[in-house]
Amino acid sequence: MTIHGSHPDIIVRLKRAHGHLAAVLTMFEQGRSCLDLAQQLHAVESAVGNAKRELIHDHMEHCLVEGGEPTRDMLEELKQLTKYL
């Protein structure tokens, strides 16, 4: 398993999103308004999306760009990664 410099920051972001999602579940149980719930779910979704984007960008930079001359396998991996953006 390869750990990149950005991974600790991504872990912090995901832990924060995890806590936020737990709070949203509590909001559901408390019967909060749909507007409040949708707003908070959007925030969780955004946080997870930003973490995913950071992971992919970091991988592209460190594994593909700094990995030397691109190979066919590297380009195929890049194509596969783009479907997650």
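Predicted model: local features only at pLDDT ≥ 70, side-chain atom pairs only at ≥ 80, totals over all residues.
**Ground rules.** I number residues from 1 along each chain as its sequence is written, and I leave out hydrogens and water, using heavy atoms for side-chain values. Local features need pLDDT of at least 70 and side-chain atom pairs count only at pLDDT 80 or more, while totals for chains, interfaces and linings use all residues.

**Helix 1.** I began with helix 1, residues 7-29. Helices here are DSSP runs (H or I, at least four residues), numbered from the N terminus. I checked its length against the expected span, which is 1.5 Å times one less than the number of residues. For the 23 residues of helix 1 that gives 33 Å, and the end C-alpha atoms are 33 Å apart, so the two agree.

Which residues of helix 1 are buried? I noted H7, I10, A17, V24 and M27. Buried means under 20% relative accessible area, exposed means over 50%, and partly exposed lies in between (1.4 Å probe, protein chains only). After helix 1 I found G31, with a positive phi near 75 degrees.

**Salt bridges.** I then looked for salt bridges (a side-chain nitrogen of Lys or Arg within 4 Å of a carboxyl oxygen of Asp or Glu). How many are there? I counted two.

One joins R13 to D9, with the closest N and O atoms 3.3 Å apart. Both residues sit in helix 1, four residues apart, or about one turn. R13 is partly exposed because its relative accessibility is 27%. D9 is also partly exposed, at 37%.

Another joins D36 to R32, with 3.5 Å between the closest N and O atoms. I read 25% for D36, so it counts as partly exposed. R32 is partly exposed too, at 39%.

**Nonpolar patch.** Next I looked at the surface. L21, L25, F28 and L41 make up a nonpolar patch there, with about 350 Å² of accessible area together. Such a patch takes nonpolar side chains (Val, Leu, Ile, Met, Phe, Trp, Tyr) joined within 5 Å, from residues with over 30% relative accessible area and no salt bridge. Areas come from the Shrake-Rupley method with a 1.4 Å probe. Helix 1 gives the largest share, three residues. L21 lies in helix 1, and L21 is partly exposed because its relative accessibility is 36%.

**M60.** Last, I looked up M60, in helix 2 (residues 34-65). M60 is partly exposed, at 26%. How far is M60 from S6 in sequence and in space? I noted 54 residues in sequence and 12 Å in space, C-alpha to C-alpha.

Terms used. Helix = DSSP H or I, 4+ residues; strand = E, 2+ residues; numbered from the N terminus. Patch = residues over 30% accessible without salt bridge, like charges linked within 9 Å, V, L, I, M, F, W, Y side chains within 5 Å.
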